[in-house]
Amino acid sequence: MEGRKQVTRLLFVAFLLGIGYVAWLAHWMQSEGAPQGPEPTGQPSVVRPTRTPRPTRTPRPTRTPRPSPTVSPSPRPLRVGIVAGHWQNDSGAICPDGLQEVTINLDVASRVVAILQYEGYMAELLPEFSDRLNGYKADAFVSIHTDSCSVPEASGFKVARVAGSAIPEKEDRLVACLIQKYGEVTGLTFHENSITFDMTGYHAFSEIDPETPAAIIELGFMAADRELLTEHGYELAQAVAQGIACFLEGE
Ligand SMILES: [Zn+2]
C-alpha cells in the first residue's frame, strides 16, 4: 500500500509539473506573439512610437530636386517680342485728315501678340522705346510700322533686317518668311527699292541682343492702302503672325 501511495504522489507531482509547464508555455507564447497579434490593446501603443521616427528619416529633400529635371525636357515656349511702332513715344506719321501711324501699328501689333499667344508662343507687346529692349533676348523680334501719306500713289509693304547682322542667315530667313506670308495674305506688293536706313538702321536693332533674330515691317502706305490698314487689322495681324510662325517653325 505504501508503494502504491508513493507512486500516486509521484504521478500527482508530475501532473502538477505538467500543468505548470503548460501554463508557462502558454504565457511564453502570448508574450512572444504579442507584437504580431492584435490581442493586447496596450501593446501596439508601445510598438508604434518606435515606428513613427522613420518618416522623418526618409530622405525627402534629396527627392524634391528630381521633379525639376523631368519638367525641363518639355519644350519651352518660344519667345517673341513685338514692338508697336511709336507706341508710348510719339504718333509716327500723320495724314492730313489726322490719321496717325501709331493707331494702326498698335492695333495690328496687339493682334499679332494675341494670335501668337493663342498659338502657344510666349509673345509680348513692347513700346517703341524701353529699357527692356537693352539686351532683349527672344526667338524672334519684329517691330511694326506703317508708311506715311506723303506719297499718295504709293502702295505696298517693306521688310528689312539690320544692316550689319550678327546672324545674317537667320535674319534673312525671318525677313523672307515675313515677305512671303504677308504678301500672300494681304495681296500687297513688296516694296524692295524703297527700303531706307530708317529700317536697316532701326534703333532697336542695336539695343536688343545681337543673337535675337529681328526684323522691321512697314505694313503699307496710309494713303493708298488705307482701307486695308484701318479696316482689316485682323488680316494684317494674321499675315505677320504667319510670317513669324513660318520662321520659328522652320517652314
Ligand atoms: Zn514708323
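Which residue in β5 is the bridge partner of V159? It's I217. Keep in mind as you look around that this is a predicted model.

## The chain at a glance

The protein chain has 251 residues, and 32% of them are buried. Its secondary structure comes to 11 helices and five strands.

Now for how the chain folds back on itself. Take the contacts between residues at least 6 apart in sequence: 79% of these join residues at least 24 apart.

## The sheet

The five strands make an open sheet, ordered β2-β1-β3-β5-β4, and the pairing is mixed. At the edges sit β2 (122-126) and β4, each of which pairs on one side only. Ignoring direction, neighbouring strands in this sheet are turned by 20° against each other on average.

Two helices to look at here are α6 and α11. Helix α6 packs on the sheet and touches β1 (79-84), β2, β3 and β5, with its direction at about 165° to that of β1. Helix α11 (residues 233-248) also packs on the sheet. It touches β1, β3 and β5, and its direction makes about 150° with that of β3.

Strand β5 covers residues 214-221, and eight of its eight residues are buried.

F141 has A214 as its bridge partner in β5, and V142 stands opposite A215.

What does A215 touch, once you leave aside its neighbours within four places in sequence? The list is V142, V159, A160, R161, E171, L174, V175 and L178. So V142, which stands opposite A215, is also one of its contacts.

A215 turns up again in the largest nonpolar core, which has 54 residues. The residues with the most contacts inside this core are I82, I144, A215, I217 and V240. Helix α6 (residues 101-118) gives the most to the core, with eight residues. As a general point, nonpolar side chains in soluble globular proteins tend to be buried together.

How values were computed:
Residues numbered from 1 in each chain as written. Predicted model: local features only at pLDDT ≥ 70, side-chain atom pairs only at ≥ 80, totals over all residues. Core = buried A, V, L, I, M, F, W, Y, C linked by C-beta atoms within 7 Å. Buried ≥ 20, exposed ≤ 12 C-beta atoms within 10 Å, placed from the backbone. Helix = DSSP H or I, 4+ residues; strand = E, 2+ residues; numbered from the N terminus. Contact = placed C-beta atoms within 7 Å. Pairing = 2+ DSSP bridges. Axes fitted to C-alpha atoms, helices over the stretch in contact; angles between N-to-C directions.
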